[in-house]
Amino acid sequence: MKELFDNQLAAIAAGDLDALMAQYHDEATLVRLDVVAEGKAAIRELMAAYFTREPKLAELKNVQYAGDVVLYNAGMTIGGADFNTFGTFVVRDGKIWRQTAIALPA
């Protein structure tokens, strides 16, 4: 689980959409407050738009691993603005199957 999460952070830091998408299960769903992306094609489109905002990890505040769940809180700079982010991953077959993500202005 830790390796999966670390790989997610590394792909975001590198702006590597292909590496990021390799993390997702074929039947993945990503849920945000403003959108639900179902399937890898929809998630790729959402993440491609996210990468145009040049996300940068400022601080990993907390991360918890419990069975097939990862829960995190991180400070991020997205589009030049600071955000406090929260999210979860539910893992199936070693890949992200369900993800939630919330970004609140810092």
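Let's start with the largest pocket in this predicted model. Its lining counts 27 residues. Nearest the centre are Arg32, Tyr50, Ile78, Ala101 and Ala103. The volume of this pocket is about 570 Å³.

Which elements give two or more residues to that lining? There are two helices on the list, H1 (2–14) and H3 (40–51). Then come the strands: S1 (24–32), S4, S5 (81–92) and S6. Strand S6 gives the largest share, five residues.

Stay with S6 for a moment. This strand covers residues 95–105, and leucine 104 sits in it. Is leucine 104 buried, partly exposed or exposed? Its relative accessible area is 39%, so leucine 104 counts as partly exposed. The range for that label runs between 20% and 50%.

Leucine 104 also belongs to a nonpolar patch on the surface.

Now back to S4, another strand from the pocket list. S4 spans residues 69–78. Alongside runs S3, residues 56–66, in the antiparallel sense. How many bridges join S3 to S4? Nine. Take one example: leucine 57 has methionine 76 in S4 as its bridge partner.

What do S3 and S4 form? A hairpin, with two residues between the strands. Look at glycine 67 in the turn. Its phi is positive, about 60°.

To recap: S6 gives five residues to the pocket lining, and S4 is on the lining list too while pairing with S3 through nine bridges.

Technical notes. Residues numbered from 1 in each chain as written. Predicted model: local features only at pLDDT ≥ 70, side-chain atom pairs only at ≥ 80, totals over all residues. Heavy atoms only, no water. Pairing = 2+ DSSP bridges. Helix = DSSP H or I, 4+ residues; strand = E, 2+ residues; numbered from the N terminus. Patch = residues over 30% accessible without salt bridge, like charges linked within 9 Å, V, L, I, M, F, W, Y side chains within 5 Å. Areas by Shrake-Rupley, 256 points an atom, 1.4 Å probe, with all protein chains shown as cover. Salt bridge = Lys/Arg side-chain N within 4 Å of Asp/Glu carboxyl O. Buried < 20%, exposed > 50% of the residue type's maximum accessible area, 1.4 Å probe, protein only. 1 Å grid on protein atoms, 1.4 Å probe; cavity = no way out; pocket = protein on both sides within 12 Å on 5 of 7 lines; lining within 4 Å. Points joined across faces, edges and corners; volume = space filled by probe spheres on them.
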